[in-house]
Amino acid sequence: MFRAGLHSTMHILAITGLVVAMASCATVPKPCATGIEYQGRSYAGNAAYGLLGIQAASGVQAVRQVSDTLQIYLHQSSALCMERERGTLTPEDYLEKRRALSERFAQFAGFTKQAPPADIRATDAALYGETVAAFDPRQRLEPLQASMRVVTADNRVLSDGGVLHSGDRFRIEVDLSRQAWLYLVLKDASGELYKMYPSQAAGGGNPASGTVVIPEDGMLTLDKVTGTETIYLFAGDRSTALESSLEEIGTVPKSPKIQGMLASAVRFRGVFVSKQDQVSTGGKSVDALGQAAVVFRIEHR
């Protein structure tokens, strides 16, 4: 009996010890990865640079801008790991913050694949840099909805690609869901560029909010040159790169450099647009994160 009891006790203790050991193993967190997570893998150092297709030693300005932002992601990831190990972050909070950081990085990586930094022209470096800066994980991107309507003299709302004729009059109406810096440029059928907003002739200034009518008083009138009239709208954070380029319109109204810049601005800032609709009642609307880009065309016949 004594031996049996001892054996039973030892057996119970062994099982208890096993349970405690198992519980202990269950509560020990897995080592955290200091690299940035992307598509289920952790990237650090040269692997992270290779992921974005850049060389750390490159002298190209756009590559340096991407490289600097990548370092911020790696630092943020490493800092989260240190916080978890110090106990200032719970395992749950750590996983949530790391997930959010990885999602932001995935957007950044997607942008660099669409617009590789090594391919960016020197003339676009400032504009590209502003977009890269918006991907900084410390920056807060606020949702922005922007819609644009072209309204004729008889209050008809034109659809994107709609037809107007020489002598027809119209105004442009922009709705912004929150305060933002607004830039509006018109490229007419002859290729000339006009800064529509902000401008002294159209009225208004930045930052803008609510409904903006351009021009503030009166209407715009189509001339006799037929073709496609293109309206470019950019809204979001202030862009010194756009402002600097748009100042040149008054002196070089057909500048190929500025026309190339407008195409680049649509490409770079358009990456933040998550949804774009042709409004059933006319006009065009976009949902964006931080930055919005809209292109509206009028067929002038």
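Contact here means heavy atoms within 4.5 Å. The model is predicted: local features need pLDDT of at least 70, side-chain atom pairs count only at pLDDT 80 or more, and totals for chains, interfaces and linings use all residues. Residues are numbered from 1 along each chain as its sequence is written, and side-chain values use heavy atoms, with hydrogens and water left out.

**View 1. Surroundings of Tyr128.** Beyond its neighbours within four places in sequence, Tyr128 is in contact with Ala62, Gln65, Val66, Phe111, Thr112, Ala115, Pro116, Pro117, Ile120 and Phe268.

**View 2. Packing of helices H5 and H7.** Helices are DSSP runs of H or I, at least four residues, numbered from the N terminus. H5 spans residues 125-134 and H7 residues 256-269. They pack at about 15°, with axes 10 Å apart. That angle makes H5 roughly parallel to H7 (under 35 degrees). Axes are lines fitted to C-alpha atoms over the stretch in contact, and angles run from 0 to 180 degrees between N-to-C directions.

**View 3. Residues between H5 and H7.** From H5, Leu127, Tyr128, Glu130 and Thr131 meet Met261, Ser264, Ala265, Phe268 and Arg269 of H7. Five of these residues are nonpolar, two polar and two charged.

**View 4. The largest nonpolar core.** A nonpolar core is a set of buried Ala, Val, Leu, Ile, Met, Phe, Trp, Tyr and Cys residues joined through side-chain atoms within 4.5 Å; buried means under 20% relative accessible area, with a 1.4 Å probe and protein chains only. This core has 49 residues. Leu52, Phe105, Phe108, Tyr128 and Phe234 have the most contacts inside it. Helix H3 (residues 61-86) gives the most, eight residues.

Methods. Helices (H or I, at least four residues) and strands (E, at least two) are DSSP runs, numbered from the N terminus. Angles under 35 degrees count as roughly parallel, over 145 as roughly antiparallel, 65 to 115 as roughly perpendicular and the rest as oblique. Ala, Val, Leu, Ile, Met, Phe, Trp, Tyr, Cys and Pro count as nonpolar, Asp, Glu, Lys and Arg as charged, and the others, Gly among them, as polar. Buried means under 20% relative accessible area, exposed over 50%, partly exposed in between (1.4 Å probe, protein chains only).
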